[in-house]
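Dear colleague,

Please read them with the model open beside you.

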Amino acid sequence: METQTSSPSQLELVNWCRGELVDVKHALLLYGVPESVSIAEIEETAESIKVLGKVVVRGKMFHPQQQSLMVLCECREVIDPTKIPPEVMPISGGSIWKAVYYVEPQTDKFEEKLLTFLRNEGKTLEDVQSACILPSAGDNNSEAIIRAVGDIMSKTSRPTDSYGYRRLRTFSGVSPTPVGEESLYMWLEQATLLVDEGECSDKEKRRRILESLKDPALEIIQAVRMTEPDASPHDYIEAIESIFGTVESGEELYLSFRALRQQSGERLSDFLRRLERSLVKVVQAGGLPVSSANKARVEQLIRGSTSDLMLLQLKIRERKDDPPSFLNLLREMIEEESRQSARQRLVDLKGHQLI
């Protein structure tokens with residue numbers, strides 16, 4: 001990497017990433033790029049480095065000393081400094097471009113592992129310090145730290161919310177929906193799950209929403225960011241829905257409803273609620289008569305569910321011809337889930353007593 005003073009530094013990369021809400025570990029800064037080069041060519045050139053995966057240009061800036069552009073790119077994969085060349089040859093030929101990427105400062109291995117663990121648990125060193133009880137006469141600092149980390153683990157252990165962290169599929173707002181992209185409703189469903197259920201920060205949620213968008217939808221959110229820099233992830237979703245919400249017909253909404261499936265780790269009652277939100281929009285858009293809603297709900301519940309045992313216990317398949325209402329079905333599911341949870345706690349308690 002060039003060390004001359006006129007070249008962009010890692011500090012500039014970090015600051016630019018903060019302004020664009022880009023994770024610095026996924027960021028690549030290219031400089032020496034001619035002004036005439038298109039965004040498509042920049043992205044294709046960067047993607048020639050296979051370990052980067054899909055690359056999206058997030059910003060361009062003119063560099064007065066070099067009389068060329070600096071380009072901030074966001075990569076699907078985490079940047080591995082050992083696999084990224086310091087110079088990149090553009091696909092159309094010409095002068096090479098230079099690359100700047102973030103390199104983690106070297107730290108003590110124990111400290112690095114501790115920081116990684118705390119970061120994964122959403123904690124900081126201050127939390128460890130506050131959890132450390134003053135050591136007694138026979139204790140040492142290491143034992144106090146281990147005890148504090150153990151306390152944090154017990155407080156923060158929780159089931160993994162896998163569907164809340166799934167990468168959002170691409171949405172552009174183009175109609176009809178292009179191959180490889182999500183329809184509006186399916187994207188809104190995924191984005192809402194991320195925002196409501198995901199335990200990452202609002203900054204990370206905004207970044208994940210941005211990385212899933214293409215023009216013209218991306219332009220809408222860029223406009224929101226310019227006028228409302230502090231806009232929340234919910235504001236992003238509402239902006240997309242308000243602009244593109246009239247695009248899908250009742251028939252398209254019905255097809256999206258028929259494509260819904262229970263996610264890994266999702267309770268059947270939560271899946272039913274998702275089905276109902278989708279079904280309401282289908283009926284409102286004229287994609288299905290109100291009289292058919294109860295039957296359509298049960299049929300899609302059977303088709304999309306992975307909770308076969310509960311479907312059997314509630315005799316859902318036997319009730320297709322005389323389906324219950326949404327509220328009655330939801331009440332039955334919640335009661336059955338409570339019974340199953342109580343039975344599991346009893347089994348766990350007996351197992352613990354045997355041990």
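Which residues are exposed on the other side of α1? They are Leu-11, Arg-18 and Gly-19, where exposed means over 50% relative accessible area, buried under 20% and partly exposed in between, with a 1.4 Å probe and protein chains only.

Before the rest, a word on the basis: this is a predicted model, in which local features need pLDDT of at least 70 and side-chain atom pairs count only at pLDDT 80 or more, while totals for chains, interfaces and linings use all residues. Residues are numbered from 1 along each chain as its sequence is written, and side-chain values use heavy atoms, with hydrogens and water left out.

The protein chain has 14 helices and five strands, taken as DSSP runs (H or I of at least four residues for helices, E of at least two for strands) and numbered from the N terminus. Of its 355 residues, 39% are buried.

To return to helix α1 (residues 10-20), its buried residues are Leu-13, Trp-16 and Cys-17. They lie on the same side of α1 because they cover an arc of only 100° around the axis, the arc being that of the directions from the helix axis to the C-beta atoms. These buried residues pack against β1 (27-33), β2, β3 and β5 (97-101), with contact meaning heavy atoms within 4.5 Å. After α1 comes Leu-21, whose phi is positive, near 60°.

Helix α10 (residues 250-258) has Gly-250, Leu-253, Ser-256 and Phe-257 as its buried residues. Their arc around the axis is only 120°, which puts them on the same side of α10, and they pack against α6 (184-197), α11 (268-284) and α12 (293-304). The face turned away from that buried side carries the exposed residues Glu-251 and Leu-255.

Finally, the second largest pocket is lined by 28 residues, of which Val-56, Val-57, Arg-58, Leu-213 and Leu-218 lie nearest its centre. A pocket here is an open set of points on a 1 Å grid over the protein atoms alone, where a 1.4 Å probe fits, with protein on both sides within 12 Å along at least five of seven lines, and lining residues have an atom within 4 Å of a point. The strand β2 gives the most to this lining, with five residues, and α2 (39-47), β3 (68-75), α7 (202-212) and α8 (217-227) are among the elements that each supply at least two.

With best regards
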